[in-house]
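These are my notes on the structure you sent, as numbered points. Please read them with the sequence and the 3D view open.

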Amino acid sequence: MSERAFEKLEILADAAKYDVSCASSGSKRQNKDKGLGNASNGICHAYTEDGRCVSLLKILLTNHCIFDCAYCVSRKSNDIKRAAFTVEEVVDLTISFYRRNYIEGLFLSSGIFYNADYTMERLVRIAKKLRLEENFNGYIHLKAIPGASEELLKEAGLYADRLSVNVEMPTETGLKLVAPDKSHKDVIEPMKYLKKEIIGFKEEKKIIKSTPTFAPAGQSTQMVIGATGESDMEILGMANYFYKKMSLRRVYYSGYVPISTDNRLPAIGTPVPMIRENRLYQADWLVRLYGFNVNELVGFDLPNLDLEIDPKLGWALRNLHQFPVDVNTADLALIKRIPGIGLLSAQKIISARKFKNLQPEDLQKMGVAYNRAKFFLAKSSPFALHKDYTSEQIRQQILTLQNSKYVANFSPQMALF
Amino acid sequence: MATLIYDGTYQGWLTAVFDIYEYKFGDVFFSKDDAPAAVLFGSTHLVKTDEVKAKRVLNGLMQRLSTDAVKSIYKTFLSEIERVEEVMWRFVKYVFAVQHNVEEDLSNNAVRDVREAAKFVHRETHRMKAFVRFKLTNDGLFYAMVEPDCNVLPLIVNHFKNRYADQRWLIYDTKRRYGIYYDLEAVNNVQLQFSEATGNSDALASILDERELFFQDMWRKYFGAVNIKARKNMRLHIQHMPKRYWKNLIEKTTGGI
């Protein structure tokens, strides 16, 4: 390898960086026969200057592409440098980086060159070579290329830990606007097939132990946020569909970074909707781990999440009748819903209250954001009596608190409201 | 007030705990062998590390606590935080004072202090699994220098052994001057002598694998290429990758050896 190698890596890593999936956990691939690596830890080895984690060697096999999607840097009509790795180069780079403990594994995506099967076949060949020839047990995340044949998708699942097909735009209308050649159906079909296989292999493994694993870390997808006009209700509704109907492990939200002068999209220089993206992740978390229903967070009367306050606080303020909650007696599900109390704190409270009646200072010591939580805690002793504040009063008090602490760190978007 | 002088090992500390009960010491203070003897009040007791006594204390703890909680005492020991022995002792005293398991009594300071110290160590253990950067020598050894705040090498042995089963590797703690070395069979503790000659970069370059610098440069190139400038957030970056680790991170150094 040579100067060209540096250039290729630069081009193909640069083009892959907008794919936000970075997980390397959720698999349990063991090192076997004194080989190289294992995939079970989910370690972030580095962090970019924008604060995102670097866990995998995330690259495109090539940025040559037959499609012309307006939101994509690699689109056919974009006048950029093109490059392609060979199968051997990707394998060598993955192994050499992994041996030096730079990465947890490989995230391989690609522009579509020639056709779907031709592209998918090469992605599979790399995974296969890593597993079979290099005895590599690290993490592999492959893109499932829409339109690729089922045989190839099946092979991909046998060698990869995770597969993902990106839905790109949260609604069909949005997608058609910026990528007329694509449709949601192209994404849903391979997802459905993979879901069926993942379940099938799992069932079989229960009976026959030697059954190989099939995408043990499951499927994920991502949606671009803020490029087209979808509401948070549409976005979270779509995500809910993926979690419920497609058994997806993760849905990622990617705030659109303007990269094109196409007039269908926000102009270059438009700020990346970072706070909105953050709110969507918070909402996603509430649905997956805190037991919230999507329609408790957004609805027809409330199509978008509040940018100023997090969705859990928003829900609490709309549902003051559910409060105050007595942490010394309430059940876990309800404690988790108190603003300022996270999953870990909630569990700590349940454990600690067996020993004594918890006081406010006990909660503070446990890491509860007490200044936020106090508005929602039982008014009976030992907790101080708070006046009957209205939602708006609580909101203002918490916002003042929030601003004094974080105001300097908010992105330029804050200036807009 | 009794000052217990022990050898600075975990076994030694466990023996000290045994002696506290044996000799019915009231208030205690721990001191390591090599610590300057600044004993102003009370008596001193020299602890003779004893495996049987240590084992009995450990067994007592295991009967009253979960495996995780017993491990958290060891992790606290490795944290090397100030007056760590007293932190551990306050917890152990509480554990033995009552019959039931107290590990989840989080409103108790002794319990919480150990939990927090263990968490501090746990976090750095995780970071060391992430921030080790191996360099390959021309005789096939992958070596890395680290400088953790806590003494975490004992806690990362298995991780690296399971992960890099087919390559010889060495992880060296430059702060504590010892390392762990895997020779394809087992992991052993090693101490190294660095002479002036091997410390300079010419000497190091000659022992590196011919492709080593190429991969270091590729990694730096990669690290630069995945950054999204429009989303720059240095505060977050430094929060995740504290500056004190940078000198051993290839992507945060400008090149050379």
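1. A term first: a charged patch, as used here, is made of residues with over 30% relative accessible area and no salt bridge, in which like charges are joined within 9 Å. Lys and Arg count as positive, Asp and Glu as negative. Please also keep in mind that this is a predicted model.

2. Positive patch. On the surface, Lys28(A), Lys202(A), Lys205(A), Lys209(A) and Arg249(A) gather in a patch of positive charge. One of these residues, Arg249(A), sits in the loop that runs between helix H7 (232-245) and strand S8 (250-255) of chain A. Arg249(A) has a relative accessible area of 34% and is therefore partly exposed; the cut-off for a patch is over 30%.

3. Negative patch. Which residues form the negative surface patch? They are Glu150(A), Glu151(A), Glu172(A), Asp186(A) and Glu189(A). Two helices of chain A, H4 (150-159) and H6 (184-207), each supply at least two residues of this negative patch. Glu151(A) is found in helix H4 of chain A. Its relative accessibility is 61%, so Glu151(A) counts as exposed.

4. Salt bridges in general. Over all chains, a search of the whole structure finds 40 salt bridges. The next points take up some of them.

5. Asp161(A) and Arg29(A). These two residues form a salt bridge, and their closest N and O atoms are 2.9 Å apart. Asp161(A) is in the loop between H4 and strand S6 (162-164) of chain A, while Arg29(A) is in the loop between helix H1 (3-14) and strand S1 (46-47) of chain A; the pair therefore ties together parts that are 132 residues apart in sequence. Are the two partners buried or exposed? Both Asp161(A) and Arg29(A) are buried.

6. A bridge between chains. Arg99(A) forms a salt bridge with Asp166(B), with 2.9 Å between the closest N and O atoms. This pair crosses between chains: Arg99(A) belongs to helix H2 of chain A, and Asp166(B) to the loop between helix H6 (153-163) and strand S6 (168-173) of chain B. Arg99(A) has a relative accessible area of 17% and is buried, whereas Asp166(B), at 30% relative accessibility, counts as partly exposed. The label "buried" applies under 20% relative accessible area.

7. Arg122(A) and Glu121(A). A salt bridge links these residues, the closest N and O atoms being 3.1 Å apart. Arg122(A) is buried, with a relative accessible area of 19%. Glu121(A) counts as partly exposed at 29% relative accessibility.

8. A network. Salt bridges also link Arg4(A), Glu7(A) and Lys81(A) in a network.

9. Asp68(A). This residue lies in the loop between strand S3 (56-60) and helix H2 (87-99) of chain A. With 33% relative accessibility, Asp68(A) counts as partly exposed. How many residues lie along the chain from Asp68(A) to Asp181(A)? They are 113 residues apart along the chain, yet their C-alpha atoms are separated by 8.3 Å.

10. Chain B as a whole. The secondary structure of chain B comes to ten helices and eight strands. Its C-alpha trace spans about 65 × 45 × 40 Å along the principal axes. Of the 257 residues in chain B, 47% are buried.

11. The sheet in chain B. Five strands of chain B form an open sheet with mixed pairing, in the order S4-S5-S6-S7-S8. Strand S4 (135-136) and S8 of chain B are the edge strands, as each pairs on one side only. S4(B) pairs with strand S5 (residues 141-146) of chain B over two bridges, in the antiparallel sense. Within this pair, Leu136(B) stands opposite Phe142(B) in S5(B). When you look at the sheet, recall that in a regular strand the side chains alternate between the two faces of the sheet.

12. The hairpin in chain B. Strand S7 (residues 178-182) and strand S8 (residues 187-190) of chain B run antiparallel and are joined by four bridges. Tyr181(B) stands opposite Asn188(B) in S8(B). S7(B) and S8(B) form a hairpin with four residues between them. In the turn, Leu184(B) has a positive phi of about 85°.

How values were computed. Residues numbered from 1 in each chain as written. Chains lettered and ligands numbered in written order. Predicted model: local features only at pLDDT ≥ 70, side-chain atom pairs only at ≥ 80, totals over all residues. Heavy atoms only, no water. Patch = residues over 30% accessible without salt bridge, like charges linked within 9 Å, V, L, I, M, F, W, Y side chains within 5 Å. Areas by Shrake-Rupley, 256 points an atom, 1.4 Å probe, with all protein chains shown as cover. Salt bridge = Lys/Arg side-chain N within 4 Å of Asp/Glu carboxyl O. Charge placed at Lys NZ, Arg CZ, Asp CG, Glu CD. Buried < 20%, exposed > 50% of the residue type's maximum accessible area, 1.4 Å probe, protein only. Pairing = 2+ DSSP bridges.
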